[in-house]
Amino acid sequence: MTASATAILGYAGWMLLLLVLVVVMRTVISQRTEKQVNEFSPGGEDVPGFGHRVTRAHLNCVENIGPFIAIIVAAYLSDQLAVTDQLAMWVLYARIAQSVVHLISTALPMVMIRGTLLLVQIALQGWMIFQLAF
C-alpha cells in the first residue's frame, strides 16, 4: 500500500474514532438526562466541555478530508503518487495533532497551536497541488 493510501485510511480511521467518541458521549448524556439522542445539535454547541470539543474535532475532519482525498486521487489518476507519498502522512500527523489539541482545550494558546497545525496541513496540500500541476 502506498503512503498516500495509508494516509487516507489513517485519516478515515481517526475520523471513525472521533465519531465513536461523539456517539458514546451523546449516549451517556441521553441516559443521564431526558434528552433524546436525536435532539442533539449537529454542531455540538448544546453539550458542554469535552462533548462540544469532540464534536467539533470530528466536524473539522469532515470539513478537510475532501480536498485531501481529491489531491490523492488526482495524483493517482495522473500517475504521480510519488508526489503525494512524500507528504501525505505528514498531513495525517498534523490532522491528528490538531484534533488532540482540540480535545484537550479551547484556551487561546491551544487555539493558536490548532491554527498552526491547520496551516501546516494547508501548506502541505498546497505544495502537493503545486507539484502535481507544474
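A residue is called buried here when its relative accessible area is under 20%, exposed when that area is over 50%, and partly exposed in between, with a 1.4 Å probe and protein chains only. By that criterion, 39% of the 134 residues of the protein chain count as buried. The structure is a predicted model, in which local features need pLDDT of at least 70 and side-chain atom pairs count only at pLDDT 80 or more, while totals for chains, interfaces and linings use all residues. Residues are numbered from 1 along each chain as its sequence is written, and side-chain values use heavy atoms, with hydrogens and water left out.

The protein chain holds five helices and zero strands, where helices (H or I, at least four residues) and strands (E, at least two) are DSSP runs numbered from the N terminus. Read from the N terminus, the order of elements is α-α-α-α-α, and the C-alpha trace spans about 55 × 30 × 20 Å along its principal axes. Taking contact to mean heavy atoms within 4.5 Å, residues 24 or more positions apart supply 67% of the contacts with a separation of 6 or more.

The crossing of α1 past α2 is left-handed, meaning that the near helix is turned anticlockwise from the far one by less than a right angle, whereas clockwise would be right-handed. Among the residues that meet are Tyr-11, Trp-14 and Leu-18 of α1, and Val-54, Cys-61 and Phe-68 of α2. By class, this contact of α1 with α2 has 18 nonpolar, five polar and one charged residues, with Ala, Val, Leu, Ile, Met, Phe, Trp, Tyr, Cys and Pro counted as nonpolar, Asp, Glu, Lys and Arg as charged, and the others, Gly among them, as polar.

Helix α2 also packs against α5, at an angle of about 25 degrees and with the axes 10 Å apart, which makes α2 roughly parallel to α5. This crossing, too, is left-handed. The contact is made by Asn-64, Pro-67, Phe-68, Ile-71 and Ala-75 of α2 together with Leu-118, Gln-125, Met-128, Ile-129 and Leu-132 of α5, and by class it has eight nonpolar, two polar and no charged residues.

Helix α5 (residues 108–133) has 26 residues and reaches 37 Å from its first C-alpha to its last, close to the 38 Å expected at 1.5 Å a residue, the expected span being 1.5 Å times one less than the number of residues. Its buried residues are Met-110, Arg-114, Leu-117, Gln-121, Leu-124, Gln-125, Met-128 and Leu-132, and what covers them includes α2, α3 (81–85) and α4.

Within helix α4 (residues 88–104) lies His-102, which is buried with a relative accessible area of 6%. Leaving aside residues up to four places away in sequence, His-102 touches Arg-53, Arg-56, Ala-57, Asn-60 and Arg-114. Ile-96 is likewise found in α4, but is partly exposed, with a relative accessible area of 26%; although Ile-96 and Ala-57 are 39 residues apart in sequence, their C-alpha atoms are 9.6 Å apart in space.

How values were computed: Axes fitted to C-alpha atoms, helices over the stretch in contact; angles between N-to-C directions. Parallel < 35°, antiparallel > 145°, perpendicular 65-115°, else oblique.
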